[in-house]
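Thanks for coming. I will go through one model today, starting with its charged pairs and then moving to its interfaces.

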Amino acid sequence: MKLLVCVSKTPDTTTKIVFNAAGNELDTNGVQYIMNPYDEWYALVRALELKESPLGGSVTIINVGPDANDAIIRKGLAIGADEAVRINADPKSALNVAFQIAEYAKQGNFDMILLGKETIDYNGSEIGAMVAEFLDLPFISYASKLDTADGKTATIQRDIEGGIEVVEVATPFVLSAAKGLAEQRIPNMKGIMMAKSKPLNVLAPAPFDELSVPVHYDLPPAKASVRMIAPENMEELVRLLHEEAKVI
Amino acid sequence: MSNQNGTISKRAREDRFQAHDYYQIDDLLSEDHLLARDAVRTWVKQEVSPIIEEYSEKGECPTHLFKGLAEIGAFGPSIPSEYGGGGMDEMAYGIIMQELERGDSGIRSMASVQGSLVMYPIYRFGSEEQKRKYLPKLGNGEFIGCFGLTEPDHGSNPNGMVTNIKEDGDSYILNGAKMWITNSPLADVAVVWAKDESGIIRGVIVEKGMKGFSAPEIHGKWSLRASITGELVFEDVRVPKSNLLPNVQGLKGPLSCLSKARYGISWGAIGAAMDCYDSALRYAKERSQFGKPIAQFQLTQKKLAEMITEITKAQLLAWRLGTLADAGKVTPAQISMAKRNNVNMALEVAREARQIHGGMGITNEYPIMRHMMNLETVLTYEGTHDIHLLITGQDITGLNAFQ
C-alpha cells in the first residue's frame with residue numbers, strides 16, 4: 001500500500017500566543033514548534049502500523065511550508081516514514097495547503113491519504129475535506145479506528161456526536177485521524193540516525209492565487225476578576241447581569 | 001505526599017517540567033541533538049515521572065525500564081550501530097544523559113553504566129568475538145551489565161586493588177571483591193578489573209552463573225534509591241582466557257571508561273538541576289505570602305537568579321566539553337573540571353530549590369529531596385569532588401598531590 005500522511009507544524013501546547021503589531025500574524029519569537037499531535041500520534045503512526053502489517057507498503061509524509069519546517073519533517077522520518085516531501089510555499093489559507101497536497105498526491109497513486117482531524121493551532125479541520133474534493137475521493141473524518149484486511153477495502157470507526165459510526169470504504173480515500181486511531185511513538189536514537197539518510201524532496205509549489213487571507217487576529221478578552229455582591233443587593237446583581245454580562 | 005497506605009499523590013506523578021534555555025544553547029545543537037533530546041524528554045515524562053517517587057520511596061529498582069531505555073536507544077548511543085549502539089556523537093550522548101537525569105539520577109546511572117562502563121570497554125578493548133557476542137545484547141537490553149573497579153578498601157586509589165587473576169590452563173582464576181557496583185545484583189555481564197600475576201591491571205568479562213561469582217545487594221542507601229547497587233564477590237571464579245579484554249593493560253583501561261561516564265555525568269547533573277530550578281520557579285510564582293507571590297521577594301529572586309546563572313554556566317561548560325569530545329580533543333582533566341563543577345552546582349541548586357519550596361520541599365510531592373539525595377552520591381561516585389579538584393591541580397601545576 002502507498003500511504004501519504006500530511007503533517008503540519010504547530011506551536012507547542014504551552015506557547016503563550018502573541019500577535020505582531022499589525023495583528024495579522026503570530027509573533028513567532030521564542031515559539032517552540034512541534035508536529036501537530038493529531039498528524040503525528042494518530043495519522044502517521046497508524047500509517048506506519050499498516051506498512052508494518054503483512055500488507056506492507058510505504059509511507060510518505062508531506063508538509064507545505066518553508067525550510068524551517070524540516071525539523072518537524074525529520075522527526076516524522078525518525079519515527080519511521082520512508083520518505084518526505086516538502087512543498088516549498090508559505091500558504092496563507094487552508095485552501096492553498098490542500099491544493100498543494102492534492103497536486104502532489106495526483107501523481108502519487110496513493111491508496112490512503114491520512115491527516116489529523118485538526119491542527120492544534122487554528123483548529124480549522126478543513127484540509128482533509130478540501131484535499132478529498134480536489135482529488136474527487138471519499139473523505140472519512142474523525143476516524144478513531146481503521147482496519148483493512150486486503151488494502152482494498154477499509155472498515156473505519158468514526159467518532160460522531162454522542163456515539164460512533166462504522167463505515168466501509170474502498171481505497172483510495174482521504175481520512176482524518178482522531179484520538180484512538182493509534183498510540184504515540186517516540187523516535188529512538190537509531191530512527192533519528194536513519195532519518196538522516198532518508199530522502200526529503202523539496203518541490204516548488206503549483207501556482208495558486210489565494211482566495212482569502214487573514215487580516216486581523218484578536219485575543220479573547222482577559223478574564224475579569226470575580227466581583228462580590230452583597231446578598232441583599234439583588235438589584236445590583238440583576239443590573240450587572242443584564243447590562244455588563246448581558247446574559248439576561 | 002504519601003498517605004497512610006504509602007501511595008504517592010497525583011501531584012507527585014504529574015510532570016509539569018518545562019525546559020529553560022536562558023542563553024539559547026539550543027541554537028548550538030543540531031537537528032539530531034534536538035530530536036534526541038525531545039525524544040528522551042518525552043520518554044521520561046511518560047515512563048519515569050509517573051513512577052519514580054514510588055520506586056524511590058520503596059527503595060526498589062524499576063527494572064522494567066531497562067527495556068524502555070534500550071528501545072529509546074539510551075544504551076551506548078555513541079557506540080557504532082553495527083555493534084548495537086546508536087552511532088551518534090558524544091554531544092548526543094551527553095544530551096541523553098541530561099534528560100534521563102532530569103527524571104532521576106538513578107535512571108541515568110542505569111544507562112551510563114551500561115553504555116560507558118560496559119559497552120564502551122568491550123567496544124574499545126575487546127576482541128571482535130567479544131564485541132559480537134556481548135554488544136548487541138547489551139544495546140538491546142537483553143543483557144544487563146555492570147563494572148567492577150572500586151573495592152571495599154580501594155575507592156579513590158584504584159591502583160591499590162587486591163582483586164587478582166592467576167593463569168591456570170585455558171582460564172584465569174579470579175579472586176577478590178568489588179563494592180558499590182551499580183546494577184550488579186541484576187547483571188548478566190560484569191566487566192571486572194583485576195591485577196595479573198605481574199601486578200598489571202587487566203579487564204575480564206565475568207558472566208552470571210560462573211561458579212564462585214555472586215553479587216549481593218547493598219541495602220540501606222538514602223540515595224539513588226531507584227537504582228540497584230551491590231557487591232561483586234569472586235571466590236576462585238574460573239574465567240576463560242577468551243574473556244580477557246585483549247587490547248588494554250594498566251589503569252588507563254578503567255580510567256578511560258570513567259572519563260566517558262564522567263563526561264555523561266557532567267551533562268546529567270544539569271538535568272537534575274533544571275528539574276529543581278523549574279519546580280522552584282513555578283512554586284515561587286504560585287505560592288503567596290504576605291499578599292504576594294514569594295517570587296516577588298528579593299531573597300527568592302536572588303536564589304532563582306543565581307540558580308539559572310549557574311545552570312547556564314554549566315550548560316556552556318558541558319556544550320564545550322561535547323564539542324571537544326566530538327573533535328577527539330577532550331582531556332580527562334577537562335572532564336574532571338566539568339564533572340566536579342556541574343554536580344556541585346546541581347546539589348547547590350537542589351538545596352536552594354528546597355528552601356524555596358519551604359516545608360513542601362521535603363515531601364515527595366516535589367522532586368527536590370529525591371534529586372538532592374541522589375546528587376550526594378553523584379558528588380562522590382566516578383571520582384569524588386575532592387579528587388577531581390586534585391586532578392585539576394595536578395594538571396595545572398604538573399605536581400601530584402594525591403600521595
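By salt bridge I mean a side-chain nitrogen of Lys or Arg within 4 Å of a carboxyl oxygen of Asp or Glu. With that rule, A:Arg46, A:Glu49, A:Lys145 and A:Asp147 are linked in a network of salt bridges. Over all chains the structure holds 38 salt bridges.

Before I go on, the conventions. What you see is a predicted model, in which local features need pLDDT of at least 70 and side-chain atom pairs count only at pLDDT 80 or more, while totals for chains, interfaces and linings use all residues. Side-chain values use heavy atoms, without hydrogens and water, residues are numbered from 1 along each chain as its sequence is written, and chains are lettered from A and ligands numbered from 1 in the order in which they are written.

Now some single pairs. For accessibility, buried means under 20% relative accessible area, exposed over 50%, and partly exposed in between, with a 1.4 Å probe and protein chains only. In chain A, A:Lys117 forms a salt bridge with A:Glu118, with the closest N and O atoms 3.6 Å apart. A:Glu118 counts as buried because its relative accessible area is 17%.

In chain B, B:Asp38 and B:Arg37 meet in a salt bridge at 3.0 Å, N to O. B:Arg37 is at 9% relative accessibility and so counts as buried, whereas B:Asp38, at 35%, is partly exposed.

Another pair in chain B is B:Glu82 with B:Arg132, a salt bridge with the closest N and O atoms 3.6 Å apart. This one links distant parts of the chain, 50 residues apart: B:Glu82 is in the loop between α3 (65-72) and α4, and B:Arg132 is in helix α6 (residues 128-139). Helices here are DSSP runs of H or I with at least four residues, strands are runs of E with at least two, and both are numbered from the N terminus. B:Glu82 is exposed at 54%, and B:Arg132 is partly exposed at 45%.

Next, the domains of chain B. The assignment gives domain 1 (10-139), domain 2 (145-243) and domain 3 (252-397); such bounds come from an automatic or database domain assignment. The centres of domain 1 and domain 3 of chain B, taken over C-alpha atoms, are 18 Å apart. Their contact, meaning heavy atoms within 4.5 Å, takes 37 residues from domain 1 and 42 residues from domain 3. Together they bury about 3,500 Å², 59% of it on carbon and sulfur atoms. Buried area is the accessible area (1.4 Å probe) that two parts lose on being put together, summed over both.

How many salt bridges are there between domain 1 and domain 3 of chain B? The count is five. B:Lys260 and B:Glu90 form a salt bridge too, with the closest N and O atoms 2.7 Å apart.

Last, the two chains. Chain A gives 15 residues to the contact and chain B gives 19 residues. About 1,400 Å² is buried between chain A and chain B, with 65% from carbon and sulfur atoms. On the chain A side, A:Ile186, A:Met189 and A:Ile192 lose the most area to chain B, together 43% of what that side buries. Between chain A and chain B the count is two salt bridges. A:Lys196 forms a salt bridge with B:Asp32, with the closest N and O atoms 2.6 Å apart.
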